[in-house]
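Please look through this briefing with the sequence and the 3D view side by side.

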Amino acid sequence: MTTLHEPVLTDLSVWPASTTEPALGDLTVAGVSLAEVAERFGTPVYVLDEGEVRDRCRTYLHAFPDTEVLYAAKAFMCRALVHWMAEEGLGLDVCSAGELELAVTTGFPPERIVLHGNAKSPQDLQAALRLGVGRIVIDSPSEIARLAAAVGPEGHQKVMVRVVPGIGAGGHDTIRTGTDDQKFGLSLSDGYAQHAITRILGQPQLELTGLHCHLGSQITSVKPYLAAVRRMVGLMARLHDQHGLVLSELDLGGGHGIAYRPGEPALDLTALARRVRTELDEACAAAGLAVPRLFIEPGRAIVGPAGIALYHVLAVKRTGRHTFVAVDGGMSDNPRPALYGVRYAPRLTGRHSTAPRARVTVVGRHCEAGDVLAADVELPSDVRPGDLLAVPVAGAYHLSMASGYNLVGRPPVAAVADGRARLLVRRESLEDIRGRDVGL
């Protein structure tokens with residue numbers, strides 16, 4: 001094991017703003033000890049700072065006035081979070097009948113919801129029409145006739161078209177969605193988008209309100225968004241020339257990058273808002289178009305930094321030059337390191353250690369060699385079974401992507417606010433797992 005003897009400064013830059021360390025080795029978030037959360041709810045457990053979520057919503061609304069800010073529910077969704085979004089004045093971006101039903105039955109106004117999806121099922125479309133969803137984003141030519149038939153000759157539904165602008169951006173190949181070589185949207189370069197729009201205009205029950213694009217995820221530069229604005233406005237201008245069509249809405253999607261470890265870059269929201277607005281105004285003026293209402297869809301950037309995952313150490317194993325610290329969770333509650341190579345910065349909490357730091361790999365409990373939560377990270381060299389590890393920036397794409405691998409059960413979610421913790425989502429139990437198995 002390689003030990004590091006130099007002093008280590010506490011860096012809480014990627015933790016919720018409410019994080020403090022009132023006693024050495026004991027972190028609190030929103031006035032609640034993480035060790036107490038782990039003791040009360042067990043581990044693994046996700047902790048969500050309600051105040052941090054709300055503050056991030058307000059930051060978006062302040063940076064993007066006169067913009068429809070839609071929370072991308074795929075990042076993480078539960079009834080409490082839907083309620084917070086409604087109270088803070090955000091809309092919702094959903095991708096399935098399940099997300100839509102949960103939102104509407106929680107009381108969220110359906111007209112403030114946009115339904116996405118590259119392959120919407122009949123159930124997805126039926127739920128959207130039954131519940132009165134605000135807009136449906138058409139992602140393929142086959143959706144046009146199916147949606148028009150489902151709406152019926154006397155019905156009416158607002159739609160957008162998802163356009164692939166041919167711009168590559170994002171933190172990993174699998175999360176770059178603005179190029180022609182992936183499954184989403186209709187290509188601008190080969191004319192599929194224009195052809196689809198012509199077909200939509202032939203369906204009087206479908207009202208085309210605007211265009212949509214989404215470039216990818218974990219984008220930390222403003223430039224791709226400016227390029228997208230130019231290309232989308234260019235398409236709007238061509239549609240105006242060809243059809244006399246005036247589109248009143250432009251949705252630039254989300255993908256706003258955040259830092260997972262201290263020192264990593266994040267997208268500057270203030271710069272993004274200022275430069276996108278300037279680019280949109282200038283491009284529309286040059287094309288002789290009215291400026292459309294802007295839509296954006298942040299998800300990870302709102303909820304990701306507000307979340308923390310807590311694990312107990314089960315085993316410490318030293319093999320040659322490597323030290324493996326195994327915890328009671330893993331790829332079933334966080335598949336992102338295996339999928340995208342994401343790196344986290346876990347830290348010991350619940351006790352103070354004066355031991356020198358050592359480089360270790362934090363691994364999960366699952367039967368996969370790729371079940372690695374954090375490779376080559378620094379922890380105290382005396383880390384041992386029973387210790388509590390806290391992983392920041394765990395609010396997005398953890399529970400929403402969690403699986404039933406090895407039937408360990410998905411973790412609960414606890415919210416912290418004003419010195420109190422409360423359960424939002426309970427732990428998946430063995431009884432839950434048995435109850436779904438009806439084959440005997």
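A residue is called buried under 20% relative accessible area, exposed over 50%, and partly exposed in between (1.4 Å probe, protein chains only). This is a predicted model, in which local features need pLDDT of at least 70, side-chain atom pairs count only at pLDDT 80 or more, and totals for chains, interfaces and linings use all residues. Residues are numbered from 1 along each chain as its sequence is written, and side-chain values use heavy atoms, with hydrogens and water left out.

**Helix 5**
- Helices (H or I, at least four residues) and strands (E, at least two) are DSSP runs, numbered from the N terminus.
- In helix 5, which spans residues 122-131, the buried residues are Asp124, Leu125, Ala127, Ala128 and Leu131.
- These buried residues fall within an arc of 160° seen down the axis of helix 5, so they line one face of the helix; the arc is that of the directions from the helix axis to the C-beta atoms.
- On the face turned away from the buried side, helix 5 carries the exposed residues Gln126 and Arg130.

**Salt bridges**
- The structure holds 22 salt bridges, each a side-chain nitrogen of Lys or Arg within 4 Å of a carboxyl oxygen of Asp or Glu.
- Lys120 forms a salt bridge with Glu143, with the closest N and O atoms 2.9 Å apart.
- Lys120 counts as buried at 3% relative accessibility, and Glu143 counts as buried at 2%.
- Asp382 forms a salt bridge with Arg384, with the closest N and O atoms 3.9 Å apart.
- Asp382 counts as partly exposed at 27% relative accessibility, and Arg384 counts as partly exposed at 40%.
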